[in-house]
Amino acid sequence: MKGRLRAVVWPDYEGGKAVRRLTKALCALLAALTLAAGALAEPAPGAPGFLNGLTGQEPLSLDLTAQVSAWPDLSEGTLAALNAWLGTARLSLRLSETAGNLIFSLDGKTALTAVAEQDSRGAGLSLEVPGALPATRYLSGAETPPWTLLLGAESRLPDFAGAAEALQAVAFAAMPGLLPHEKPSRASVSLGAAGRGASRLDYVLDAEETGLFWQAVAPELLPALARLKNALGGASALPDLSGAKPQGGLTVRRVLDKAGADLGFQVTGAFALPGGARRLSLSFGRSEKGTYLNLKLPALKGGDTLEARLNLKTPPGKMEGDWRVRSVSGKARQDLSGDVDLRLETLDAQQRVTGLLTVRAQSRGGEAPQDVRLEARPDLAFGNGALSGILALRQSEGRALVREVSLGLRAAPGKLPAAPEPLAEVDLRLAGPEVMEREAARLRASLAPLVRQALLALPLPERLLVLHDLGRDGRTQGDSVAPPEPPLNEFTVSDRLETEVLP
């Protein structure tokens with residue numbers, strides 16, 4: 001390019017990409033809060049003792065710092081600037097069973113407060129950005145929480161702790177209607193990591209008996225099935241179970257251990273669901289040895305299917321196993337899988353947790369095939385009621401390293417602070433598309449000052465370099481792409497080493 005180089009940054013153009021990236025990262029964390037809180041509220045049987053020391057009736061307090069060593073399309077200079085900014089940043093989380101409180105601070109001053117809440121009745125998100133967004137509370141249904149409706153952040157990873165709780169609720173709701181059909185059997189059944197059952201109780205119902213049974217138990221059973229859908233992947237994984245109706249007979253087995261106590265259960269049958277009938281095969285077991293889940297839900301016609309499997313061993317001082325969720329819809333196929341390998345060592349009155357957690361997401365048949373691998377390597381010590389250490393995170397696409405982040409963290413029991421008193425409340429269940437878009441734009445705009453503050457704190461040469469990297473995507477879309485008309489409140493930089501802030 002000849003002549004004077006001039007780079008312009010607008011909220012909906014190059015600089016807007018930074019805002020969207022920040023928004024996406026924040027809301028992905030918010031979406032994960034309730035999953036983490038629910039999982040920590042009731043550790044798996046046999047889990048390392050440090051989990052039990054951090055959980056119970058008290059909420060969990062978690063403080064995070066971060067350093068980045070790899071990020072897409074960022075030069076070494078921009079990474080250095082980013083890490084200098086992160087050196088002044090602190091993220092504080094408070095997690096309870098159904099709520100998460102997030103406070104983001106810069107240079108010791110609160111820059112953002114967010115509270116996410118979710119249970120079977122609904123979900124809420126409270127946000128406050130001093131100077132940009134007054135305390136606002138957004139309400140929605142449990143299946144589509146505010147962070148999904150407004151910002152597209154979803155909890156893609158399955159919540160196996162929530163799935164186990166939902167399955168227990170399914171069994172509790174079904175048992176009164178099954179008892180008249182009970183027949184004992186001495187046949188043993190293997191339930192993977194949970195162990196082998198010594199005997200079982202069978203409940204075999206023909207089509208007529210199944211219809212009467214379903215009519216009696218559906219009011220309690222269907223809500224529990226809806227919770228199972230949410231836990232195993234939300235709207236994108238399971239079909240809608242709230243209107244499920246059995247087709248034909250139904251077989252249920254209670255698997256018992258040597259002492260005659262419940263070890264797990266199995267269910268087989270066919271059901272009419274929105275989008276077509278499917279055959280269900282479900283096995284679930286839980287004990288001090290581990291947890292096992294195997295779900296298959298193929299369509300009676302066509303190749304569509306959903307499969308979920310978890311096999312997690314929890315002997316003393318260890319947690320190891322694997323899991324997988326596979327979804328096929330037409331030509332599109334998505335696979336999520338992962339491994340768990342954690343070890344607990346005791347040294348000098350402290351417990352040290354090390355190991356590896358992996359997640360792999362693969363998709364094909366759609367417009368954008370992907371193969372993404374996430375790794376988490378904890379090196380954490382537990383002592384005096386607190387957990388502290390480093391959590392190293394890596395993301396790869398194919399064989400290429402994309403992101404590498406090191407999180408310093410400290411966790412301990414702590415009080416859950418009160419949510420900011422809302423000055424406005426928006427019920428998204430009653431909102432139309434125009435209101436949704438308006439509120440989504442309002443949230444994105446409220447985060448722009450965080451990016452602007454970080455940029456203006458840099459010396460101008462570094463600022464120009466960062467803006468160059470942030471605008472990389474826009475410049476690679478083609479020479480014919482013209483920038484949009486500039487709205488108010490943009491800032492402009494040029495090669496004359498001057499910065500102009502417009503009102």
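Phe104 is buried, because its relative accessibility is 15%. Buried means under 20% relative accessible area, exposed means over 50%, and partly exposed lies in between (1.4 Å probe, protein chains only). This is a predicted model: local features need pLDDT of at least 70, side-chain atom pairs count only at pLDDT 80 or more, and totals for chains, interfaces and linings use all residues. Residues are numbered from 1 along each chain as its sequence is written, and side-chain values use heavy atoms, with hydrogens and water left out.

**Aromatic rings**

A pair of aromatic rings is described by the distance of the centres and the angle of the planes. Rings of Phe, Tyr and Trp (its six-membered ring) pair if their centres lie within 6.5 Å; planes under 30 degrees apart count as stacked, over 60 as edge-to-face and the rest as tilted. The structure holds three aromatic pairs. One of them joins Trp85 and Phe104. Its centres are 6.0 Å apart, its planes make 50°, and the pair is tilted. Trp85 belongs to helix H3 (residues 76-86) and Phe104 to strand E4 (residues 99-106). The pair links distant parts of the chain, 19 residues apart. Helices (H or I, at least four residues) and strands (E, at least two) are DSSP runs, numbered from the N terminus.

Phe265 and Phe284 form a tilted pair too, because their ring centres are 5.8 Å apart and their planes stand at 50°. Phe265 lies in strand E13 (residues 262-273), and Phe284 in strand E14 (residues 276-286). They are 19 residues apart. Both Phe265 and Phe284 are buried.

The charged end of Arg403 sits over the ring of Trp71, 4.6 Å from its centre. The rule asks for NZ of Lys or CZ of Arg within 6 Å of the ring centre and within 35 degrees of the ring normal.

**Neighbouring strands**

Two strands pair if DSSP finds at least two bridges between them. Strand E19 (residues 350-364) and strand E20 (residues 370-383) run antiparallel, joined by 11 bridges. Here Val359 has Leu374 of E20 as its bridge partner. E20 also pairs with strand E21 (residues 386-397). These two run antiparallel as well, with 12 bridges. Phe382 stands opposite Leu387 in E21. What sits between E20 and E21 in their hairpin? Two residues do, and Asn384 takes a positive phi near 55° in this hairpin.

**Salt bridges**

A salt bridge is a side-chain nitrogen of Lys or Arg within 4 Å of a carboxyl oxygen of Asp or Glu. The count comes to 21 salt bridges. The table gives some of them.

| Salt bridge | Distance, N to O |
|---|---|
| Arg254 and Asp262 | 3.0 Å |
| Arg360 and Asp371 | 2.7 Å |
| Glu375 and Arg373 | 3.0 Å |

Which strands does the pair of Arg360 and Asp371 tie together? Arg360 lies in E19 and Asp371 in E20, so the pair ties together parts that are 11 residues apart in sequence. Arg360 is partly exposed at 33%, and Asp371 is partly exposed at 26%.

Is Arg254 buried or exposed? Arg254 is buried, at 19%. Glu375 is buried at 18%, while Arg373 is partly exposed at 32%. Elsewhere, salt bridges that share partners join Glu117, Arg137 and Glu425 into one network.
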